[in-house]
Amino acid sequence: MKKLSKFVDTRIGFFVLLVVLFWFKTLFAYFTDFSLGVEGIFQFLILIFNPLATTALIYSLAFYFKRARFFYPVIMGLDIANTLLLYLNVIYYREFTDFMTIATMTGYSKVNQGLSGSSLALTNFHDIFYWLDIVVILLLMLFRKIHFDPRAIGSRLAFAFTSMSLVLFGCNLAFGEMSRPQLLGRTFDRNYIVKYLGIDAFTGYDLVKSQHINDMRQSATKSELEKVKKFTDKHYAKANPQMFGIAKGRNVIVIHLESFQQFIIDKKINDQEVTPFLNSLYHSNDTYAFDNFFHQVGQGKTSDAENMLETSTFGLPQGSLFATLGSDNTFQGAPAILNQRAGYTSAVFHGNVASFWNRNNVYKNLGYQYFFDASYYDTSGDKATGYGLKDKLLFKDSIKYLQALQQPFYAKYITVTNHFPYDLDDEDKDPNFQTTDTGDSNVDNYFVTAHYLDQSIQEFFNYLKKSGLYDHSIIMIYGDHYGISNSENTSLASVLGKNADDWTDFDNAQLQRVPLMFVIPNSGGHGHIDHTYGGEIDVLPTLLHLLGISSKRYIQFGTDLFSSQHSQVVAFRNQDFVTPHYTVIGGTVYDNRTGKEAELTKKQQERIKKDHQLVNTELSLSDSLNEKNLLRFYHPKGFKPVNPADYNYSNGLKRAERIERKKGNKSTSLYSENHDQSTENDFSTDAPEQNHSSTDSNRIKITNPDANNK
Ligand code: GP9
Ligand code: MN
């Protein structure tokens, strides 16, 4: 004991004491206040280790102050500031299930104005532990139980401490990247960065990022907006009069098929269709389907797809637009446009935590009125896989929310079960479906989860028909991006009847096709498979036109797929592109008919050069629009800017019910139309989990236990 107190009386001892105490406090926060979703021993070890490096790094700065009367106040000041940062995050997390960004701290973020007056209500008895050590240490110093050490630490030693901490941090980062590749590059979820690197590293990282973003935004001028506007005006494609308004006034149901590629459609394995139900939709004369439709996502994957589909602007060249810019950017997207132009109610149903891809913030800026995330569902036991609630349960357990929405509604379902690594419990597997035997488990399992997804869509459609929603809805179904990556495509080759040995970049590019279908029941039966080339960027203007809403006044980079003026040059995020005749990858031009390098005439070369320029221009103008947040300068006719403060995603059902009551017999929700009877019984599923109690497995619970949303 004596030895210990002697050690604490040295500067190094005091430093070690503060570092260790802060380390423990952080771990305390990790295990009591945050739910970081740690999986497996490796992640657990990283979590335990991660506060150490940054704390040591920050506190070592005090060593550069030679005099005791500077050293002690500085190191205590750093400790107090660091504790304050941790503590504010604890309180913030209790309200938002998220960490504080620089934008929230400085009040820049419009999504949530930092901690509100209700923060006192968010304090907890155990919060004493965050501050107790500091109080005790200050008292011990005051009563001279801890003595000030007058001996300064030499500059070299101080530097050694700093460098050691940096090395430790380097190791921490390396382990984090090992467990979650592209951790910083893609910023999936702030929870992840904290889980792997700790709060200090997260805040530092966010500071650098927000500085960069602020610089970009400040440099923005109106003339840049005009440049963008000029481009999109010039490329606007006017609606096809035969299609314009054919789904006017209907509910819009969007089904996001996770990682679903077009090649699965009509695919037979061991003589069985992988997705018989989707295939039947694909060939139905109520369905307008596209077989040359490409995903165009970058590193933001799902979130890039969502962004393109709902704003008709591209994702960013690096990272996810949702994660990096989505909290503060101005959007003029589908939920707000449909609400303002045609009175639509908007909602998202998704069985993962709300913070993933920063959706909890972005959706408010998009004008989504409801977001039913994992906290609205029972995801315990075997009801969820890695990315959340299993699809069959998502559709089933959403009915009580869906039926409460005023019609017409714009409802988006984001499925998750068909997500890498395509894990599915045996109980969910169809014993009659035999998958491939390629030896590559990702490929083999991919078909199994795709088959499951297909069944879940069928169950949902059965409900839509039974409840009557089907007849006055348009159901848009799309695949967000590839499920099998380029490096695995050779394992897929044999399944596609191709030879893995002569697999090329051309083949990879062709596999970036994803489904796009508009199911429009009772619309004349003119549905067909359309061979037009297009991509995710084109969906919003197409959908708006089907709903009879002109898209002309908005800044959108895509064009209506049904329009005769639609451009069929499909840009990938890395500037490669596909046209009906050529596929251009890294400058190499392939002929689509042969799949071989094309021999081009002068004229064709000119054409391709022009297409290339078009691709570069649209991508860079979209980047400048988003990175500089230029839409804040743009006020299309009748568009009221979205105010994120108007939205709050807790108590969604109660809010919807309040509206039902207020509207009385003018309420248009399905529940009201059904004479205040629930339609939940119209849903039938063969999901085995529905009857399982919540405690039958120890799988990680992704639900936020603090959320009291129902
Ligand atoms: C997560 C889900 C998956 O909520 O949407 O996103 P992804 O990994 O496909 O980008
Ligand atoms: Mn996805």
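This is a predicted model: local features need pLDDT of at least 70, side-chain atom pairs count only at pLDDT 80 or more; totals for chains, interfaces and linings use all residues.
Local features need pLDDT of at least 70 and side-chain atom pairs count only at pLDDT 80 or more, whereas totals for chains, interfaces and linings use all residues. Residues are numbered from 1 along each chain as its sequence is written, chains are lettered from A and ligands numbered from 1 in the order in which they are written, and side-chain values use heavy atoms, with hydrogens and water left out.

**Aromatic pairs**

Rings of Phe, Tyr and Trp (its six-membered ring) are taken as a pair if their centres lie within 6.5 Å; planes under 30 degrees apart are called stacked, over 60 edge-to-face, and the rest tilted. By this rule there are 56 aromatic pairs. One of them joins Phe31 and Phe44 in a tilted arrangement, 6.0 Å centre to centre with 50° between the planes. Phe31 belongs to helix H2 (residues 11-32) and Phe44 to helix H3 (residues 40-60), 13 residues apart, and the pair links distant parts of the chain. Helices (H or I, at least four residues) and strands (E, at least two) are DSSP runs, numbered from the N terminus.

Phe349 and Tyr413 form a stacked pair, 4.6 Å centre to centre with 20° between the planes. Because Phe349 lies in strand S5 (residues 345-350) and Tyr413 in strand S9 (residues 409-414), the pair ties together parts that are 64 residues apart in sequence. Phe349 is buried at 0% relative accessibility, and Tyr413 is likewise buried at 0%. Ring pairs join these two residues into a cluster whose members include Tyr370, Phe372, Tyr401 and Phe683.

**Charges over rings**

A charge sits over a ring if NZ of Lys or CZ of Arg is within 6 Å of the ring centre and within 35 degrees of the ring normal. The charged end of Arg69 is placed in this way over Phe70, 5.5 Å from the ring centre. For Lys465 over the ring of Tyr470, the distance to the centre is 5.1 Å.

**Ligand 1**

The residues around ligand 1 (a heavy atom within 4 Å) include Lys301, Thr302, Asn352, Trp357, Arg359 and His419. The shell divides into three nonpolar residues (Ala, Val, Leu, Ile, Met, Phe, Trp, Tyr, Cys and Pro), three charged (Asp, Glu, Lys and Arg) and five polar (the others, Gly among them). A polar contact is a pair of N or O atoms within 3.5 Å; within protein, one must be able to donate a hydrogen and the other to accept it, and residues adjacent in sequence count only if both atoms are side-chain atoms. The table gives contacts between side chains and an oxygen atom of ligand 1.

| Residue | Distance to an oxygen atom of ligand 1 |
|---|---|
| Glu258 | 2.9 Å |
| His350 | 2.7 Å |
| His481 | 3.1 Å |

The protein covers 98% of the 310 Å² of accessible area that ligand 1 has on its own, as computed by the Shrake-Rupley method with a 1.4 Å probe.

**Two buried residues**

Asn307, in helix H13 (residues 301-311), is buried with a relative accessible area of 0%. A polar atom of the Asn307 side chain lies 3.1 Å from the backbone oxygen of Thr313.

Tyr401 is in helix H17 (residues 391-402) and is buried, with a relative accessible area of 1%. The C-alpha atoms of Tyr401 and Glu657 are separated by 9.5 Å, while the two residues are 256 residues apart along the chain.

Methods: Buried means under 20% relative accessible area, exposed over 50%, partly exposed in between (1.4 Å probe, protein chains only).
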